[in-house]
Amino acid sequence: MANVTDLQSKYSKLAQEYSKLRAQNQVLKKAVLDEQTSSNSLKDELKQKEQSLRKVEQEMDSLSFRNQQLTKRVELLQEELLLSESKSKRSRNKGDSPPQVNLQAQSVFDEDLQKKIQENERLHIQFYEADEQFRRQEAQLRSRLDQLEKESEQHQAVVDALTSKYTDAIEKLQSDKARLEVKAQTLEREAKDCRVRTEECQQQLRKYQTEVSSQLKHSSSVIQEKVPFNDTQLSDYNSLNVPLHNRRHQLKARDVAAQALGFVQNLVSALLNFHSYTEQRVHIYPLDSSIEAISPVNQKFSQYLHENASYLRPLEEDLLQLHQSITEDAITVLETLAKLQDFSRSFSAYSSFLQKILPYQLKSLEEECDASLCTAALTARNHQLQNDMKKLTALFHKLKSYVALLAVPSVRSDAMCQSSATAVFTQMSASLHGLHDVSTELSKHYSQKVSLEQDLPTATQKFRTTNECLLSSLASLTNSCGKMATFFSNNLDFFASCPGYGPRGGVVNPLQADSMIENKRRAATYMSAIRKVRPESVPYREALANRHILTSSTESREGLMQQVVQSQEKISRLEQEKEHWLLEAQLGQVRLQKESQRIAQLEAQIAAGAPEEQHSAADGSDAARTDSPEPVQDSSLVGILTITSCSESAADQESREHLIKTHYMSRVSDLTSQLQMCDSKAVHFHAECRAVAKRLTIAEKSRETMTEELKLANQNITRLQDELSTTKRSYEDQLSMMSDHLCSMNDTLSKQRDEIDTLKLASKGNSKKNKGR
């Protein structure tokens, strides 16, 4: 559904842009048509001017023809005058013609000649004036023609640019339309599938409803017949009953808490930036702390502002802990939200912090008003900011009261009813909207103040950047407050609604909430335990046969175990005998060495020739042999040791003990080395098993990721193929449209070139005629 709404919103945006482009296209078409009408009117004017020019040229031709006639007439008259003069001379010579007749004729000819000369002069003047007027008109028309050609070229370039732009936009819109049509078709198919699934789900729902109704009837009849008591009479015991669990409400509560956590984090970051940049501004304006010491009020104000993080960070941390305490298995109501009390304490601490810094902030603004460069407009803005800060602090104090009221039920269950909680949530929503309005006014007044402070002569670059950072923090604060107010208004019904928690006949007691949740967990484990499928029973005869087999197998198993025990005892006894005989062998070797030494000594004495000594030695040896008692055997866990009570020397006993000690030490060292070897092998095998298990899990995860990537790649391939087909179609349509448009443009260009050539030829002909005249 989210994808459908996104597609609808995108389609509506595209439709709006398309309608805007169509309106602009119509306006441009109208402008092009107006330009075409103006160009046609100019062409008509040009034709009229050409017609008037032709008329003037015809008049010029007629005048020139008339001038030629007059010149011919003047020449004839001059010839006649010459003839008449020659005749008069002849008549004078002859004396036949009278002088008066000649004088009259001469006066008539003179008057006629004078009229012709005047008429000729007037015609020359008219011809010159007409020629000048024609040249001026021709120059004007040529300049106008050049200007119109330039304007037509500019208009044509604009029209070409606009046509290319709007063709691109139209092509883009067409491709988007095709893509949206494809998506709409896919969504229609998905909608059909969803309808089929909904029908199936409705059928299953009807089936389940019938089953549940039958089970309800059966259970209600059983309860009425079998249950002889009602456990809702005692409220103390009833509060320990497991309440109904609304999983949808829990998921919604967790989602709402996550959204509230994000909004509060944005609000905390905006307030941190606002307090930090305010502290930085106090050190810069009205006095720069790097040049001279600031006032004690501003010093105290800066010291308090420096502590803002210690009040704002706990808000975010406590709300994060509150969000983490809301799980799917928990019961989320005001009575069980113990972490809300911590958030209330942190919020009241921050509200107290705002009330503590408010007088210093007002005094700091008054010091800015008392500065020498502070104008009346800046003073008015500072007073507005003072009022805004008072309103902001009052709203935070009001919100602190509401949050504290919401946190009271987690300590006392009878402190607030559902209607009171609804009223508190409603007032809290109104306060959040008021906070958004106050932050908006604060941001507006601060931006006006900053715009006025930019023009101050003492404003440094650091001061300007600090003001810009303050404006950005106020903008983020306004945005965060607006989002929080909208979020709270949208979820007001959820906050005010009763989730349906609580045992039968009572409400949730916060002191008993933990035990109630523990009872719920026990009930869940009990239900899961009784819902386990029991193993199938075995028939009686098969069980008897299996019993005989088991008894025989147990008897054989007991016999084998006895054999194993006997064999182990035999092995241990043989090991002891082995150790005993090894010791006896070592002692025999020692005795052999001693006897060989003694024999060597006796041989040396015999070789020296001392028979008496030999006799005494022999007697002593016989006495020793006769006096030597029988050997005694001593058995222990290590082995059997034969002890002869002969009078051996102390050196022999020490050597014997040393040999036994060395033997057992070597045995212990061998066993410890074997044990260390076994331990090292076990550790090595354990490490290898863990590494193999990790590799197996990594391989499984990589396989899952690769399968998901393969699915995404296949989806991208199909999507790109669809887009390629749509773009291919759109490009083909665009090429056909562009080819038609180019043909029409070529036709219009050829017509314009023909018209320009005709105009140039006409102008050249007129210029040649003027030159010929």
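Buried means under 20% relative accessible area, exposed over 50%, and partly exposed in between, with a 1.4 Å probe and protein chains only. The model is predicted: local features need pLDDT of at least 70, side-chain atom pairs count only at pLDDT 80 or more, and totals for chains, interfaces and linings use all residues. Residues are numbered from 1 along each chain as its sequence is written, and side-chain values use heavy atoms, with hydrogens and water left out.

**View 1. A salt bridge between R179 and D176.** The N to O distance is 2.7 Å; a salt bridge is a side-chain nitrogen of Lys or Arg within 4 Å of a carboxyl oxygen of Asp or Glu. Both residues lie in helix α2, 3 residues apart, about one turn of the helix. Helices are DSSP runs of H or I with at least four residues, numbered from the N terminus. R179 is partly exposed at 30% relative accessible area, whereas D176 is buried at 11%.

**View 2. A salt bridge between R135 and D131.** The closest N and O atoms are 3.5 Å apart. The two residues are 4 residues apart in helix α2 (residues 99-226), and about one helical turn separates them. R135 is partly exposed, with a relative accessible area of 44%, while D131 is buried, with 15%.

**View 3. A salt bridge between K449 and E368.** Here the closest N and O atoms are 2.6 Å apart. The pair links distant parts of the chain, with K449 in helix α9 (residues 418-453) and E368 in helix α7 (residues 339-370), 81 residues apart. K449 is buried at 0% relative accessibility, and E368 is buried at 4%. Salt bridges that share partners join R281, E368, K449 and E453 into one network. The charged end of K449 also sits over the ring of Y446, 5.5 Å from its centre; this requires NZ of Lys or CZ of Arg within 6 Å of the ring centre and within 35 degrees of the ring normal.

**View 4. An aromatic cluster containing F494 and F495.** The cluster is formed by F263, F425, F487, F488, F494 and F495. Rings of Phe, Tyr and Trp (its six-membered ring) pair if their centres lie within 6.5 Å; planes under 30 degrees apart count as stacked, over 60 as edge-to-face and the rest as tilted. The rings of F494 and F495 have centres 6.0 Å apart and planes at 55 degrees, so the pair is tilted. Both F494 and F495 are buried. The charged end of K252 sits over the ring of F494, 6.0 Å from its centre.
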